[in-house]
Amino acid sequence: MPTPRLLVVVGSTRPGRAGLAVAQWFRDVAYARGDLEVELADLAEVALPLLDEPRQAVERRYAHDHTRRWSEVVGRADAVAFVTPEYNHSYNAATKNAIDYLYHEWRLKPFAVVSYGGQSRGLRASVALRTVLTGLAMTPAGDVAVSLAECPIVDGVLEPTEAVAAAATRVLDQLSVLAPLHRELRD
Ligand SMILES: Cc1cc2nc3c(=O)[nH]c(=O)nc-3n(C[C@H](O)[C@H](O)[C@H](O)COP(=O)(O)O)c2cc1C
């Protein structure tokens, strides 16, 4: 069986965001294990407009090239890690928009949420996102919650605490086990 592919989605899109450093850290940890193919999708670069498909994603009849490109990226993933900020007690709008574009491409895949923020570590965003993703028949593999006060970003590189590093390992262990099983389910 081919090596499972993990898609790491950078949810925040604003200039100066912390999210890119958080996602790059998680991507690098995943890649270093050697048991996962890893792809990073930065929603700032994916640059989806606010949902502009005339048909619902469940029909899978896309009118726009940007949707077809996004469909290919998500479609080839066996597992997804959503790296999300907490904006006003939830996850951010760009992440929801990117989710809403697709349907079948998400289903029956395991996911992790890597949230970050101040003292709350983005936990409210994480919980809200989990509800949406389980509604798409995705399987939760665990969460990583990063306090940016405890894990500073120095020269664009996140410095995790031991606890955060251990949480990432646990979540990636789960994704690595669940990804091939879910591929069988989809087949
Ligand atoms: C629009 C907006 C809303 C925010 N709302 C919250 C919030 O509800 N709770 C929180 O802990 N932090 C909140 N923050 C602070 C963010 O956690 C912090 O700015 C973080 O760096 C945002 O991620 P980003 O830099 O990747 O965009 C908010 C920030 C922004 C820009």
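Helices (H or I, at least four residues) and strands (E, at least two) are DSSP runs, numbered from the N terminus. Asparagine 88, for example, lies in the loop between S3 and helix H4 (93-100). The structure is a predicted model, in which local features need pLDDT of at least 70, side-chain atom pairs count only at pLDDT 80 or more, and totals for chains, interfaces and linings use all residues. Residue numbers start from 1 along each chain as its sequence is written.

## The sheet

Two strands are taken to pair if DSSP finds at least two bridges between them. On this basis there is an open sheet of 5 strands, with parallel pairing and the order S2-S1-S3-S4-S5. Strand S2 (37-42) and strand S5 (139-147) stand at the edges; each has a single partner strand, so one side of each is left without a neighbour in the sheet. Neighbouring strands of this sheet are turned against each other by 15 degrees on average, direction ignored. Axes here are lines fitted to C-alpha atoms, for helices over the stretch in contact, and angles run from 0 to 180 degrees between N-to-C directions.

S1 and S2 run parallel and are joined by 6 bridges. Leucine 7 stands opposite glutamate 39 in S2. Strand S3 (residues 79-84) pairs with strand S4 (residues 110-117) in the parallel sense over 5 bridges, and alanine 81 has alanine 112 in S4 as its bridge partner.

Burial is counted from C-beta atoms placed from the backbone: a residue is buried if 20 or more other C-beta atoms lie within 10 Å of its own, exposed if 12 or fewer, and partly exposed in between. Of the 6 residues of S1, 5 are buried, so this strand is largely enclosed by the rest of the structure.

A nonpolar core is a set of buried Ala, Val, Leu, Ile, Met, Phe, Trp, Tyr and Cys residues joined through C-beta atoms within 7 Å. The largest such core has 50 residues, of which Val8, Val22, Phe26, Ala81 and Val83 touch the most other members. Helix H6 (residues 162-186) gives the most to this core, with 7 residues.

Contact between two residues requires their C-beta atoms, placed from the backbone, to lie within 7 Å. Not counting residues up to four places away in sequence, alanine 81 touches Leu6, Val8, Val9, Phe26, Ala112 and Val114.

H1 lies across strand S1 (5-10), S2, S3, S4 and S5, and runs at about 170 degrees to S1. Arginine 27 has its place in helix H1 (residues 19-33). Leaving aside neighbours within four places in sequence, arginine 27 is in contact with Val8, Val38 and Leu40.

## Selected residues

| Residue | C-beta neighbours within 10 Å | Class |
|---|---|---|
| Arginine 27 | 19 | partly exposed |
| Asparagine 88 | 9 | exposed |
| Arginine 121 | 22 | buried |
| Valine 127 | 15 | partly exposed |

Alanine 137 is found in the loop between helix H5 (123-135) and S5.

Alanine 57 is in the loop between helix H2 (43-46) and helix H3 (65-75). Its contacts, leaving aside neighbours within four places in sequence, are Tyr101, Leu102 and Tyr103. The C-alpha atoms of alanine 57 and aspartate 100 are separated by 7.5 Å, although the two residues are 43 residues apart along the chain.

Arginine 121 is placed in the loop between S4 and H5. Leaving aside neighbours within four places in sequence, arginine 121 is in contact with Ser115, Tyr116, Ala145, Val146 and Ser147. Valine 127 is found in helix H5; valine 127 and glutamate 39 are 88 residues apart in sequence and 24 Å apart in space, C-alpha to C-alpha.

## The ligand shell

A residue is near a molecule if its C-beta atom, placed from the backbone, lies within 6 Å of it. There are 13 residues around the ligand, and Ser12, Arg17, Gly19, Pro85 and Gly117 come nearest. The shell divides into 3 nonpolar, 7 polar and 3 charged residues, where Ala, Val, Leu, Ile, Met, Phe, Trp, Tyr, Cys and Pro count as nonpolar, Asp, Glu, Lys and Arg as charged, and the others, Gly among them, as polar.
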